[in-house]
Number of protein chains: 2
Amino acid sequence: MNSSEFQVRALLESRVDASQAKDVDRLMSHYSSDIVYYDVVPPMRYTGHEQVRRNFVRWFGEYNGPLSLETHDLTVMTGSDAAFAHMLHLDSGTRKNGLRSAMWVRSTVCLRRSGSSWLITHEHISLPINPETLQAWFPTDR
Amino acid sequence: MNSSEFQVRALLESRVDASQAKDVDRLMSHYSSDIVYYDVVPPMRYTGHEQVRRNFVRWFGEYNGPLSLETHDLTVMTGSDAAFAHMLHLDSGTRKNGLRSAMWVRSTVCLRRSGSSWLITHEHISLPINPETLQAWFPTDR
């Protein structure tokens, strides 16, 4: 594993740890100021720190107590200046809004080198949609 | 624009042209054999050429006649060996399965250098989901 891949994997672990701790400052420290974020929930995209931060705070607020993010099927590809990763997350906890307490989501993270470290410039989180019913599709297992 | 960015932008244009022409061979020529694809429709992911090709053929078959993909808000980031791009697509045509004839989707494309050219190793296409109804969310405009 080269040093870029080591750095990106450490950042991804910190991203999950900060999410589980609902530590929005630590989480936001991994995002560039020009972040373009496609989330599970509307609208089509969130752009910039303020919108993305507000959306993380909303997400954290949906749980009574802790949330858990388990990472599966992680692939990391790093180059000299650009990197990306994709994974499935099992997102669980006691939610307030009626969404299931455990659900699988698809997660893509794209990063740019920033000096000696890396920043996330794009993230894409989603669920599949059943084309017949237009309802979110939840697998029983990934 | 450096030569990598020029190559990646040309590949993205060919990807759209091949989709619009329903030319599955040309389209598949842009994907690596270890492609991991997260699509709007289930399951969670498609892996490898055979699954991804079959899913493209299904997609093409949903339209009576031509389909159109308009690209908006494209961002491309290229490094020496890894690159990524994100964009919104307005996907339109006369569909057979009840989905709207024009819809906006979010599209993320991740690429790896392969010799003197590039291949897509990961792609992620989705719509947001309304958290109250768990229904797909369609914006009137992006």
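Q: Which residue of β6(B) stands opposite Cys110(B)?

A: His122(B) in β6(B) stands opposite Cys110(B), where strands are DSSP runs of E with at least two residues, numbered from the N terminus. This is a predicted model, in which local features need pLDDT of at least 70 and side-chain atom pairs count only at pLDDT 80 or more, whereas totals for chains, interfaces and linings use all residues. Residues are numbered from 1 along each chain as its sequence is written, chains are lettered from A and ligands numbered from 1 in the order in which they are written, and side-chain values use heavy atoms, with hydrogens and water left out.

Q: How many bridges join β5(B) to strand β6 of chain B?

A: Two strands pair if DSSP finds at least two bridges between them. Here nine bridges join β5(B) to β6(B), residues 117–126, and the two run antiparallel; in their hairpin, with two residues between the strands, Gly115(B) takes a positive phi near 65°. Strand β5(B), residues 102–114, also pairs in the antiparallel sense with β4(B), residues 82–95, over eleven bridges, and Trp104(B) in β5(B) stands opposite Leu90(B).

Q: What rotation superposes chain B on chain A?

A: Copies are superposed by least squares on the C-alpha atoms of residues with pLDDT of at least 70 in both. A rotation of 180° with 0.0 Å of shift along its axis brings chain B onto chain A, with an RMSD of 0.0 Å, which is the relation of a two-fold axis. In chain B, the C-alpha of Gln135(B) is nearest the axis, 2.2 Å from it.

Q: How many residues does the contact take from chain B and from chain A?

A: With contact meaning heavy atoms within 4.5 Å, 49 residues come from chain B and 49 residues from chain A. Since 100% of the interface residues of chain B are also interface residues in chain A, the copies meet through the same surface.

Notes: Helices (H or I, at least four residues) and strands (E, at least two) are DSSP runs, numbered from the N terminus.
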